[in-house]
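Colleague: Can you put the model up? I have a few questions about it.
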Amino acid sequence: MGRFGLSLLCRIYSLPSSFTVPKVTRTCCLHQGVFTGSLPIYQSTNQGHSSQHRRGVNTAIGHHVQDLSGPEQRLLNKLYEGLIGGQRASLAESITLVETQHPRKKELAQVLLQRVLANRREQEGGNGGKPLAFRVGLSGPPGAGKSSFIEVVGKMLTGRGHKVAVLAVDPSSCTTGGSLMGDKTRMTELSRDMNAFIRPSPTSGTLGGVTRTTNEAIVLCEGAGYDIVLVETVGVGQSEFAVADMVDMFVLLIPPAGGDELQGIKRGIIERADLVVVTKSDGDLVVPARRIQAEYTSALKLLRRQSKSWNPKVVRASSHTSDGIPEVWAKMELYRDAMLASSELQRRRMAQQKVWMWSLIQESVLCHFQNHPSVREALPHLEERVTKGVISPGLAADLLLKAFTSSSSSSS
Ligand SMILES: Nc1nc2c(ncn2[C@@H]2O[C@H](COP(=O)(O)OP(=O)(O)O)[C@@H](O)[C@H]2O)c(=O)[nH]1
Ligand SMILES: [Mg+2]
């Protein structure tokens with residue numbers, strides 16, 4: 001988390017209990033409505049303190065927004081208006097803003113996001129509280145046919161009047177500097193489609209950073225009127241789990257290949273799949289595709305059910321012949337309708353928000369801890385003693401935490 005997040009948190013917790021909101025914060029310069037709305041994520045469960053607490057949060061954001069200079073306000077206004085008006089250039093520029101490492105721009109991105117979120121809440125209110133967009137995560141080993149599948153499904157959907165956004169999460173692009181996915185070479189037609197928006201994975205940052213910005217990019221795409229958001233990721237590291245935690249439906253794509261290629265697919269991720277698509281079911285590959293379909297169908301029966309309203313299914317499709325593609329989409333719609341009707345989809349989204357908040361806190365607190373001068377000073381010595389077995393890991397952890405907390409509290 002950047003300076004904004006930390007300063008925000010510091011302000012929330014440093015507010016005295018008798019704190020009242022100065023009038024001036026209500027005249028925040030940008031878009032008042034956004035900052036006077038309730039922010040459920042920060043609400044205290046203690047009702048006695050919740051309204052005070054909420055005012056404190058709004059004030060914290062209000063303070064922050066007051067710092068905006070004239071050009072910054074104009075930039076944010078321009079981006080917001082363009083984004084809500086569905087302009088692709090504004091959407092692209094807004095995503096660049098949330099991806100930035102620049103501390104001040106990070107703050108501006110949060111202001112923009114708050115405004116887009118407020119607009120979404122308003123729109124969802126008019127939709128009976130139901131989400132307006134459907135988020136689908138697509139994962140599978142490299143070469144499974146994900147990009148080809150997205151190209152064909154994406155074209156079919158824009159042909160039916162949908163607006164489709166494609167985002168990619170590729171942790172390897174952070175280290176190699178090249179984005180392997182969201183690659184427009186496999187999505188030539190979709191990338192030329194005016195009703196589609198394709199954004200490759202950011203090529204810098206940690207997995208945590210990349211997934212955070214992807215989460216925020218989803219919000220921006222929805223704000224720009226994209227009603228279907230597809231997030232592609234490879235089965236590398238923890239990226240699939242991160243993507244499963246940010247979408248409404250998680251789809252696993254499996255090629256009709258031999259055992260070796262399928263070895264890399266983690267059991268844990270199969271458990272998370274709401275739908276398994278066996279790809280490349282064409283020509284000579286139809287027979288092995290059927291076999292894989294049967295294997296996965298029986299494997300899924302043994303797994304614990306994730307949802308009361310949906311049983312994961314295994315289907316076959318070919319992006320080359322389009323066989324099975326409309327049927328796959330029909331299954332996805334069935335899933336969405338069942339999950340919306342039971343409110344499970346809405347509940348899943350709420351739970352995801354909380355998971356994300358905590359994972360961002362964990363990442364930020366750990367980073368803060370590791371960069372703390374007293375910790376950095378004591379760490380090499382203690383690490384050495386732990387590895388040599390002179391002291392226990394538990395004692396070393398206690399000592400480091402003590403160094404961290406005592407100098408943190410004395411400095412504040
Ligand atoms: N036969 C056949 N090949 C496919 C199909 N879909 C993708 N491929 C091929 O599989 C390879 C990998 O496809 P790609 O979409 O880039 O996979 P990704 O790495 O999962 O995104 C390419 O050579 C595609 O032409 C299909 O439906 N049938
Ligand atoms: Mg790909």
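Colleague: Start with D323. Which residues does D323 touch, leaving out those up to four places away in sequence?
Modeller: D323 touches S281, D282, A317 and S318. Bear in mind that this is a predicted model.
Colleague: How far apart are the C-alpha atoms of D323 and S281?
Modeller: They are separated by 7.9 Å, while D323 and S281 are 42 residues apart along the chain.
Colleague: And where does D323 lie?
Modeller: D323 is in the loop that runs between β7 (313-316) and α15 (325-341).
Colleague: Why does D323 count as partly exposed?
Modeller: Because D323 has 14 C-beta neighbours inside 10 Å. A residue needs 20 or more to be buried, and 12 or fewer to be exposed.
Colleague: What share of the chain is buried?
Modeller: Buried residues are 33% of the 412 residues in the chain.
Colleague: Now the ligand. How many residues surround ligand 1, and which are the closest?
Modeller: There are 16 residues around ligand 1, and the closest are G145, K146, S147, S148 and K280.
Colleague: Which helix gives the most to that shell?
Modeller: Helix α7 (residues 146-159), with three residues.
Colleague: How do the shell residues divide into nonpolar, polar and charged?
Modeller: Three are nonpolar, nine are polar and four are charged.
Colleague: Change of topic. How many helices and strands are there in the chain?
Modeller: The chain has 18 helices and seven strands.
Colleague: Tell me about α17. What does its length come to against the expected value?
Modeller: α17 covers residues 373-387, which is 15 residues. From first C-alpha to last α17 reaches 22 Å, close to the 21 Å expected.
Colleague: Where is the kink in α17?
Modeller: At L379, shortly before the proline P380, and the kink is about 40°.
Colleague: What follows α17?
Modeller: G389 does, with a positive phi near 80°.
Colleague: Last topic, confidence. What is the mean pLDDT of the chain?
Modeller: The mean is 80, and 75% of the residues reach 70 or more. Over residues 1-48, though, the pLDDT is below 50, and that stretch has 63 contacts in the model beyond near neighbours in sequence.
Colleague: What about residues 177-182?
Modeller: There the pLDDT stays under 50 as well. The model has 27 contacts for residues 177-182 beyond four places in sequence.

Notes
Residues are numbered from 1 along each chain as its sequence is written. Chains are lettered from A and ligands numbered from 1 in the order in which they are written. This is a predicted model: local features need pLDDT of at least 70, side-chain atom pairs count only at pLDDT 80 or more; totals for chains, interfaces and linings use all residues. Helices (H or I, at least four residues) and strands (E, at least two) are DSSP runs, numbered from the N terminus. The expected span of a helix is 1.5 Å times one less than its number of residues. The bend at a residue is the angle between axes fitted to the seven residues ending there and the seven starting there. pLDDT is the predictor's confidence in each residue, from 0 to 100. Two residues are in contact if their C-beta atoms, placed from the backbone, lie within 7 Å. A residue is near a molecule or strand if its C-beta atom, placed from the backbone, lies within 6 Å of it. Ala, Val, Leu, Ile, Met, Phe, Trp, Tyr, Cys and Pro count as nonpolar, Asp, Glu, Lys and Arg as charged, and the others, Gly among them, as polar.
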